[in-house]
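Subject: Structure handover

Hello,

Here is the structure I said I would pass on. Please open it first and then read the notes below.

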Amino acid sequence: MKQNNAGLNDNLSALDYLQLDYLRELQLARLRQVVALSYERVPLFRERMDARKLKPADVKSLADLAKLPFSQKSDLRDTYPFGLFACPMSEVVRLHASSGTTGKPIVVAYNAHDVEVWAEVVGRCLAACGLTRNDVIQVGYGYGLFTGGLGAHYGAEALGATVVPASTGNTKRQIMLMKDFGVTAVCCTPSYFNYLVEQAAELGIDVRELPLRVGAFGAEPWTNEMRKRIEANAGIRAYDIYGLSEIIGPGVAIECHCQDGLHIMEDHFYPEVVDPETGEVLPDGELGELVLTTLTKQAMPMIRYRTRDLTRIISEPCACGRTLRRIARISSRSDDMLIIRGVNVFPSQIETALLSVEGTLPHYNIILYTENGMDNIEIDVEINSELFSDKVRAMEELQQRLSKAVESVIGLRVRIRLVASGTITRSEGKARRVIDRREK
Ligand code: DLL
């Protein structure tokens, strides 16, 4: 049997099928431990507990979690760089950081045990999308301070698969590697995968003819319509993988072959969905902000971390038999919401509308601008070359169809600009599709 470096074996996935009563007991035992650890070692957490006159022993059931204070990104910024660590630096074996849009990055820490847990959860994720030790997995997430590259790498190794640590960039060479090494799975952002497929075509390679069969795509929001495009263009199954640095990195949740929601690695991460305004816990099934508690992390545990990601918990059993609850595909982050003339607009709604129209390519930008003192949206969308070189009438018709499709979803009239294939800047990591040119 091929052994792997994390000491994990073929039973990796058994943890996805724990009996529910056992799983809940395990979660409670772990929750009590992590609350005690945080209280003892993390001053910010202790102060907040004390302010509420709470002691770790007050957590007697999973429902008691709701009494505990939230944590959020600003806590990491305010205690930069190491203020939330629960162990001495001598025990920290790895740091990662996420840059964010403004100011200082946030820093996260792992001890040796955390790195093993991380490998386990990503390994289970990859197994859930049908990968085994017989797969050759190319990791096209960035290696470095970003958690994507190393996270996927350790997980793929834990699975016992063969890893091709390609990182991002050097796209033509990546395609050569995929072809020459018989790569069967790729882990990268969905936007980078689109770019890979496009570059392959330029090199005269049809990705559908390669052994590639699975993609584990995440780190940015993407829609079901995007999935359909990717699966059709590349002849693979495209799975949604979710995670965030503050919690561990990739490996928090993944779709199984049913592709109907992402199973949360609940024995390590406890999910709640709360009303983003009031913070009140919502019943399973209701849309709100995902809040996660790490149950096993030691170097930097997080209690009730507000992710800002919007989703709902699906507690109905999944046809795959996993007992882990699911979250619906992250529709958006609460901070990504655009407010245009009083209307709330999510970029994912626009993607869904654009890709539902035939002839568009999965490359677009959403540009916000001001005209006569009013906010407006322009969408630049690439269309395939046959259409682009075709008659003006056909282009106008397409433009109208797109404009209608978007309007019917967001309730606002938008300006559509059809652009030639290759016009929009390609992304190697997380795509930035919203360009804000509004007068402030
Ligand atoms: O993006 C970790 C990761 C790497 C996940 C590779 C999956 C694959 P951060 O850079 O800290 O970590 O960004 C986390 O990215 O809060 C979401 O807003 C967004 N995000 C991550 N995965 C998904 C996804 C990594 N599958 C933030 N769908 C999260 C939608 C996602 N959004």
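Axes here are lines fitted to C-alpha atoms, for helices over the stretch in contact, and angles run from 0 to 180 degrees between N-to-C directions. Helices (H or I, at least four residues) and strands (E, at least two) are DSSP runs, numbered from the N terminus. The model is predicted: local features need pLDDT of at least 70, side-chain atom pairs count only at pLDDT 80 or more, and totals for chains, interfaces and linings use all residues. Residues are numbered from 1 along each chain as its sequence is written, and side-chain values use heavy atoms, with hydrogens and water left out.

Helices H7 and H8

Two packed helices are described by the angle between their axes and the distance between the axes. For helix H7 (residues 190-202) and helix H8 (residues 224-234), the axes come within 11 Å and cross at roughly 30°. H7 and H8 are therefore roughly parallel to each other (angles under 35 degrees count as roughly parallel, over 145 as roughly antiparallel, 65 to 115 as roughly perpendicular and the rest as oblique). Contact means heavy atoms within 4.5 Å. On the H7 side, Pro-190, Phe-193, Asn-194 and Val-197 meet Met-226, Ile-230, Asn-233 and Ala-234 of H8.

Buried means under 20% relative accessible area, exposed over 50%, and partly exposed in between (1.4 Å probe, protein chains only). Which residues of H8 are buried? They are Glu-225, Met-226, Arg-227, Arg-229, Ile-230, Glu-231 and Ala-234. Their cover includes H7, strand S6 (214-218), strand S7 (237-244), strand S8 (249-255), H9 and S18. Just after H8, Gly-235 has a positive phi of about 65°.

The sheet

Strands of a sheet pair through backbone hydrogen bonds, either parallel or antiparallel. In this model, an open sheet of 4 strands has the order S20-S19-S18-S21, with mixed pairing (two strands pair if DSSP finds at least two bridges between them). Strand S20 (415-420) and strand S21 (434-437) are the edge strands, each pairing on one side only. On average, neighbouring strands of this sheet are turned by 20° against each other, direction ignored. Strand S19 (residues 374-383) pairs with S20 in the parallel sense over 6 bridges, and Glu-382 stands opposite Val-419 in S20. Helix H9 (residues 347-355) lies across strand S18 (360-371), S19, S20 and S21, and runs at about 130° to S18.

Backbone exceptions

Most residues other than glycine have a negative phi, and most peptide bonds are trans. A cis peptide bond joins Tyr-80 and Pro-81, with omega about -5°. Pro-81 lies in the loop between helix H3 (73-78) and strand S1 (92-98). Lys-53 has a positive phi, near 55°, and sits in the loop between helix H2 (43-51) and H3. Is Lys-53 buried or exposed? At 74% relative accessibility, Lys-53 counts as exposed. Arg-308, in strand S12 (residues 305-311), also has a positive phi, near 70°. Arg-308 counts as partly exposed at 26% relative accessibility.

Val-281 is in the loop between strand S10 (269-274) and strand S11 (288-294). With a relative accessible area of 37%, Val-281 is partly exposed. Leaving aside neighbours within four places in sequence, Val-281 is in contact with Ala-66, Glu-272, Val-273, Val-274 and Arg-304. The C-alpha atoms of Val-281 and Val-291, 10 residues apart along the chain, are separated by 9.3 Å.

Regards
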